[in-house]
Structures are given as structure tokens and as C-alpha cells.
Amino acid sequence: QDHADHVILIVRNIRQTIDEYHDILADIDYAKTWEEATEKIPNLYNGYIDMDNYAGWRDERVMDEIGWYGWVIDYWMESGLMRDYFD
């Protein structure tokens with residue numbers, strides 16, 4: 001065969017990843033749609049992150065975010081098997 005059958009997935013430290021993900025969400029005002037997020041691209045990496053907002057977001061969503069992060073790893077480790085994370 002002339003097709004690759006392996007993938008290398010490089011995974012960043014989850015603590016840094018979740019912080020960075022929040023910074024991006026804050027920069028785009030927690031946009032809910034693709035259109036909203038696209039309009040706010042010029043705001044990326046230009047603002048100050050309010051630590052109170054971050055703490056509230058983190059406390060509310062961290063376990064879901066960790067689960068989704070694990071889902072991405074599982075997807076690649078299991079050759080693209082899609083799991084129902086909410087099941």
C-alpha cells in the first residue's frame with residue numbers, strides 16, 4: 001500500500017491548553033456561532049484576561065473541557081472511532 005497507517009499525535013500540557021483556550025474564548029467574547037467568532041478574529045491576543053471571569057469559567061466547565069480533550073486523544077488513538085461523549 002502507498003498510504004500511511006499511523007498517526008503521531010502531539011499533545012500539549014492540558015493545564016496550558018485549557019488556559020490558552022479560555023484566553024481565545026475571552027478574546028472573541030465567548031462567541032456562540034462561527035459567524036460571531038469570525039467577526040472577532042481581529043480581537044485575538046489583544047486583550048487582558050479578567051481573572052474573575054476565568055475562575056468562573058474554569059470552575060463551571062473544567063471537567064467537560066477535560067472530557068472533550070480526552071475525547072480528541074481517544075479519537076486519534078482508536079483510528080477515528082467517534083464516541084458519544086454525552087452518553
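Start by selecting Y21, Y54 and W57: ring pairs link these residues into a cluster. Here, rings of Phe, Tyr and Trp (its six-membered ring) pair if their centres lie within 6.5 Å; planes under 30 degrees apart count as stacked, over 60 as edge-to-face and the rest as tilted. The structure holds three aromatic pairs.

A word on what is on screen. This is a predicted model, in which local features need pLDDT of at least 70 and side-chain atom pairs count only at pLDDT 80 or more, while totals for chains, interfaces and linings use all residues. Residues are numbered from 1 along each chain as its sequence is written, and side-chain values use heavy atoms, with hydrogens and water left out.

**Whole chain**

Zoom out. The protein chain has three helices and zero strands, in the order α-α-α. Helices (H or I, at least four residues) and strands (E, at least two) are DSSP runs, numbered from the N terminus. Colour by pLDDT, the predictor's confidence in each residue, from 0 to 100. The chain mean is 82, and 90% of residues reach 70 or more.

**The core**

Next, select I18, L25, A26, I49, Y54 and W57. These six residues form the largest nonpolar core. Such a core is a set of buried Ala, Val, Leu, Ile, Met, Phe, Trp, Tyr and Cys residues joined through side-chain atoms within 4.5 Å. Buried means under 20% relative accessible area, exposed over 50%, partly exposed in between (1.4 Å probe, protein chains only). α1 (14-27) and α3 (51-77) each give two or more residues to this core. α1 gives the most, with three.

Click on L25. Leaving out residues up to four places away in sequence, L25 touches Y30 and W57; contact means heavy atoms within 4.5 Å. Across the chain, buried residues make up 15% of the 87 residues.

**Along α3**

Go to the N-terminal end of α3. D50 caps this end, with a side-chain oxygen 3.0 Å from the backbone nitrogen of D52.

Now show the buried residues of α3: Y54, W57, E65 and G67. What covers them includes α1.

Centre on R61. Where is the kink in α3 centred, and what is its angle? The kink is centred on R61, at about 60°. The bend at a residue is the angle between axes fitted to the seven residues ending there and the seven starting there.

Finish at S79, which follows α3 and has a positive phi, near 55°.

How values were computed: Polar contact = N/O pair within 3.5 Å; in protein donor to acceptor, adjacent residues only side chain to side chain.
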